[in-house]
Amino acid sequence: LIVYLKEKGDSIQFKIAQPPVFLGKHFQQKDDKSWDISECPRIQENDKCDMCEVYFQIMGEVKKLKTADNTLADESPNIKELLRQARPLKATTQFFFAVLDRTSGEFKILQTTSGVRNQFNGHFEGGVDVLSKEWILRNTGETGTKRYSLSMVDSADVKPLTEEEAEEFDRAKNHNLGTIGQSQDESFE
């Protein structure tokens with residue numbers, strides 16, 4: 001049911017059924033190479049998070065050092081060490097969209113990043129009703145903000161929903177995303 005575009009070239013054409021929910025988590029690797037995963041209270045509940053506070057302190061120190069000496073870069077030894085210390089403290093935000101997969105005609109939950117959510121917000125702020133359009137999301141294989149390519153499907157290329165797809169879309173609309181995340185992303189409304 002949950003779709004994550006993991007590999008380069010993975011893609012999905014979809015229609016969003018409702019605003020997404022999000023989860024903020026911290027991922028810390030243990031000595032045995034397993035992961036300790038915990039929810040971030042700052043993201044989930046707008047509460048104090050000790051890991052985030054330390055992360056922001058370290059990143060503030062990085063900024064202060066770079067401001068004092070503009071020749072310093074992330075690869076500079078003292079900056080590199082601070083970034084190494086900060087990395088396991090940084091929270092990750094995942095977004096979950098209830099969608100109709102237009103290729104399979106099935107209701108799915110699309111798990112993606114804040115970068116994709118920001119692309120949707122850019123369209124929304126530009127006057128696009130993102131919930132009324134169809135989209136194609138593709139994993140480009142690149143890193144960072146260029147990892148996912150989001151494009152709106154031209155309305156001339158959108159096929160009407162079949163009866164089965166309409167039923168699946170209703171399932172997606174009525175699915176309780178609260179079973180995944182507790183925080184509703186209200187930027188789409």
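Are F120 and W135 buried or exposed? F120 is buried, and W135 is buried too. Buried denotes under 20% relative accessible area, exposed over 50%, and partly exposed the range in between, with a 1.4 Å probe and protein chains only. The model is predicted: local features require pLDDT of at least 70 and side-chain atom pairs pLDDT 80 or more, while totals for chains, interfaces and linings use all residues. Residues are numbered from 1 along each chain as its sequence is written, and side-chain values use heavy atoms, without hydrogens and water.

The largest nonpolar core holds 23 residues. Such a core is a set of buried Ala, Val, Leu, Ile, Met, Phe, Trp, Tyr and Cys residues joined through side-chain atoms within 4.5 Å. F14, L110, F120, W135 and L137 touch the most other members. At least two residues each come from β2 (11-16), β5 (91-101), α4 (114-125), β7 (134-139) and β8 (148-152). Helices (H or I, at least four residues) and strands (E, at least two) are DSSP runs, numbered from the N terminus. β5 gives the largest share of this core, four residues. Apart from this core lies another, of eleven residues, including A17, F96, L100 and I109.

F14 has contacts (heavy atoms within 4.5 Å) beyond its neighbours within four places in sequence. Its partners there are V99, L100, R102, L110, F120, K133, E134, W135, L137 and L150.

Five aromatic pairs occur in the structure. Rings of Phe, Tyr and Trp (its six-membered ring) pair if their centres lie within 6.5 Å; planes under 30 degrees apart count as stacked, over 60 as edge-to-face and the rest as tilted. The F97 and F120 rings are tilted, because their planes stand at 50°, with centres 5.3 Å apart. This pair links distant parts of the chain, F97 in strand β5 and F120 in helix α4, 23 residues apart. Both F97 and F120 are buried. F120 also pairs with W135, edge-to-face, at 5.1 Å centre to centre and 85° between the planes. Here helix α4 is linked to strand β7, across 15 residues. F14, F97, F120 and W135 make up one aromatic cluster.

Strand β6 (residues 106-113) has six of its eight residues buried, so the rest of the structure largely encloses it. Strands pair if DSSP finds at least two bridges between them. Strand β1 (residues 2-4) pairs with β6 in the parallel sense over three bridges, and V3 stands opposite L110. The pairing of β5 with β6 is antiparallel, over eight bridges. F95 faces T112 of β6 there. The β5 and β6 hairpin has four residues between its strands, and G105 takes a positive phi near 80°.

G105 is also in contact with E165, as are L100, R102 and P160, leaving aside neighbours of E165 within four places in sequence. E165 belongs to helix α5 (residues 163-174). E165 counts as buried because its relative accessibility is 9%. A polar atom of its side chain lies 2.8 Å from the backbone nitrogen of T162.

Helix α3 (residues 77-86) has buried residues I79, L82, L83 and A86. Viewed down the axis of α3, these fall within an arc of 100° (taken from the directions from the helix axis to the C-beta atoms), so they line one face of the helix. The face turned away from the buried side carries exposed P77 and K80. The cover over the buried residues of α3 includes α2 (50-68).

Key:
Polar contact = N/O pair within 3.5 Å; in protein donor to acceptor, adjacent residues only side chain to side chain.
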